[in-house]
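I opened the file today and kept short notes. These are the entries, in the order I looked things up.

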Amino acid sequence: MNQAIIRPFYLGLLAWLCVFFVKAEDPYKFFTFEVTYGQISPLGVSQRGILINGKFPGPTIDCITNDNVIVNVINKLDEPFLLTWNGIKQRKSSWQDGVLGTNCPIPPNSNWTYQMQMKDQIGTYSYFPSIKMHRAVGGFGAINVRARAVIFVPYLKPVEEFTLLISDWWKSDHKTLQQTLDSGNTLPMADALLINGHVQSTSFTTQKGQRYMFRVSNVALTTSINFRIQNHTLTLVETEGSHTLQESYESLDIHVGQSASFLVNLNAPLKDYFIVASTRFTKPVLTATATLHYDGSTTKASLPLPWGPTYEIHWSMKQARTIRWNLTANAARPNPQGSYHYGTIPVTRTVVLANSAVNINGKLRYAVNQVSYANPETPLKIADFYNIPGVFHLSSIKDSPPSTPPVIGASVMGFTLHDFVEIVFQNNEGSIQSWHLDGSDFWAVGFGSGQWNATLRKRFYNLNDATTRHTVQVYPNSWSAILVSMDNKGMWNLRSAIWPRRYLGQELYTKVWNDEKSSRTEYEIPLNALRCGKAPLN
């Protein structure tokens, strides 16, 4: 191990020891992720992929509520690299978020150690590369956070759990795709859809008469998917850390960046069946299959595949409204989810964010309220901590769409700690959008067509049992509304989960702040924090 790697490793170890003595009551789990290039063949033709510990997809992080998860990431690529942890709240520590607004990237032939706690979380999540177009060729994996043994889980225990990562895939190298975007062009449609890195060869062996859980995450760059299992019913029990009412579905839409967990009872005749994921709102429709193998079966899965929706927008929006919070169930803590009466809390601020495709300097960009985000050389969080001038300012983006020309900038929106905010995502384009917020979950309270206005709250908002989640879809020429408690101090990325749009500027950051300088509200900068840009070296 060379010196460039050794020094950050020991700094990370020192930082971990400092945390250990403060939080010794919570267990620790240690992972080493070695990130390399390697040859893979998802579509039958060898191409360069990004592997973690030689694997594609990367290893699953299995942990329990409140576990401290320490991940030493060793970057052996030829360019800087970062991982972000999709849906992990990083309580009081946006330093660990792994995006360019909070972290300097890990240089080639070097490493950095993430120190995270799964504080008060359960559920199905994922991780993936957060800079450039790395995630187009791998580097992603699953995170499964299970409840502590002392916490009641509101469903019968499955005999086994299966983790499924659904991704879209191109035959092109990530640098080629990046050059396409840099030149001002849109990406071509993906060449295929994959389930755990394969178009059709993944298989899950099961026992007839038993109950299984399927944890499904959409880690695609561009496309919503519909998920279903031939001749079996899906009982939805969890979405992104929320226990849901246990509705049964023949199939369910899972949009870019979203996750869901299903219970499936295996009571069908003894044979094999297709597990199906297909793209939504695309022409043509891409399909990937896996096999649900009943142990003892000698009969292969047979066509036709079970029906799935293709472009039915109203169908999807209607289904989204059926996903509701289980008010009597607990999540990570023993108190019922419904004890938090979000619909009765006064809203302190309403923000309307409109996405748009714009032309700036003769090239395609994507903007939010007419600002197309560009990362400064100094991460926002580091600039804020050291009071470095000229990196960003809080008046760089408006609370509602302005009638001004589009500009490129580092857009940051300021909030006071514990603000309760209504955010409306207005989509005036003909393609579906997907929005993700780091650092918090939120209640997805409303979906509707056309232009949002304040009178629609009474008609369309669910102020009783909307689920909390970290990613929400916005249908074409439609709006979606969320309510979020800004109770996690730090600098947090609010981004398009559709990666080409995020790469070309459809994102911003929220600064959640108060004047108290205390570890009760936010942890200090880590001892092993990387420096770049205008940041001081120590």
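The notes below go from ground rules to strands, then to the disulfide and the backbone.

**Ground rules**

I am working with a predicted model, so I noted that local features need pLDDT of at least 70, side-chain atom pairs count only at pLDDT 80 or more, and totals for chains, interfaces and linings use all residues. Residues are numbered from 1 along each chain as its sequence is written, and side-chain values use heavy atoms, with hydrogens and water left out.

I took helices (H or I, at least four residues) and strands (E, at least two) as DSSP runs, numbered from the N terminus. I call two strands paired if DSSP finds at least two bridges between them. For exposure I use relative accessible area: buried is under 20%, exposed is over 50%, and partly exposed is in between, with a 1.4 Å probe and protein chains only.

**Entry 1: strand β31**

How many residues of strand β31 are buried? I found that nine of the nine residues in β31 (residues 478-486) are buried, so the strand is largely enclosed by the rest of the structure. I then sorted its side chains by direction. S478, S480, I482, V484 and M486 point one way. W479, A481, L483 and S485 point the other way, and all of these residues are buried.

Next I looked for the partners of β31. Strand β26 (419-427) runs antiparallel to β31, and nine bridges join the two. Within that pairing, V421 has V484 of β31 as its bridge partner. Strand β28 (residues 442-449) also pairs with β31 in the antiparallel sense, over six bridges. There I noted W443 opposite L483 of β31.

**Entry 2: a five-stranded sheet**

I traced an open sheet of five strands with mixed pairing. I read its order as β25-β33-β32-β27-β30. Which strands stand at the edges? They are β25 (412-416) and β30 (471-474). Each has a single partner strand, so one side of each is left without a neighbour in the sheet.

Strand β27 (residues 433-437) and strand β32 (residues 490-496) pair in the antiparallel sense over three bridges. H436 has R495 as its bridge partner in β32.

**Entry 3: strand β9**

I moved to strand β9 (residues 160-169). This strand is mostly covered, with seven of its ten residues buried. Strand β12 (residues 211-218) runs parallel to β9, and seven bridges join them. T163 stands opposite R215 of β12. With strand β10 (residues 192-195), β9 pairs in the antiparallel sense over four bridges. W169 has A192 of β10 as its bridge partner.

**Entry 4: the disulfide**

I searched the whole structure for disulfides (a pair of cysteine sulfur atoms within 2.5 Å). The search finds one. Which cysteines does it join? It joins C104 to C532, with S to S at 2.1 Å. The angle about the S-S bond is -90 degrees, and the link of C104 and C532 is left-handed.

The pair links distant parts of the chain, 428 residues apart. C104 is in the loop between β5 and β6, and C532 is in the segment after β33 (507-513). Both C104 and C532 are buried.

**Entry 5: backbone exceptions**

Most residues other than glycine have a negative phi, and most peptide bonds are trans. I listed some exceptions.

A cis peptide bond joins K283 and P284, with omega about 0 degrees. I placed P284 in the loop between β19 (272-279) and β20 (287-294). The peptide bond from L303 to P304 is also cis, with omega near 5 degrees. P304 lies in the loop between β20 and α3 (313-320).

Then I turned to positive phi. N109 is not a glycine, and its phi is near 60 degrees. N109 sits in the loop between β5 (83-86) and β6 (110-117). Is N109 buried or partly exposed? I noted it as partly exposed, with a relative accessible area of 38%.

H418 has a positive phi of about 80 degrees, and is not a glycine either. I found H418 in the loop between β25 and β26. At 56% relative accessibility, H418 counts as exposed.
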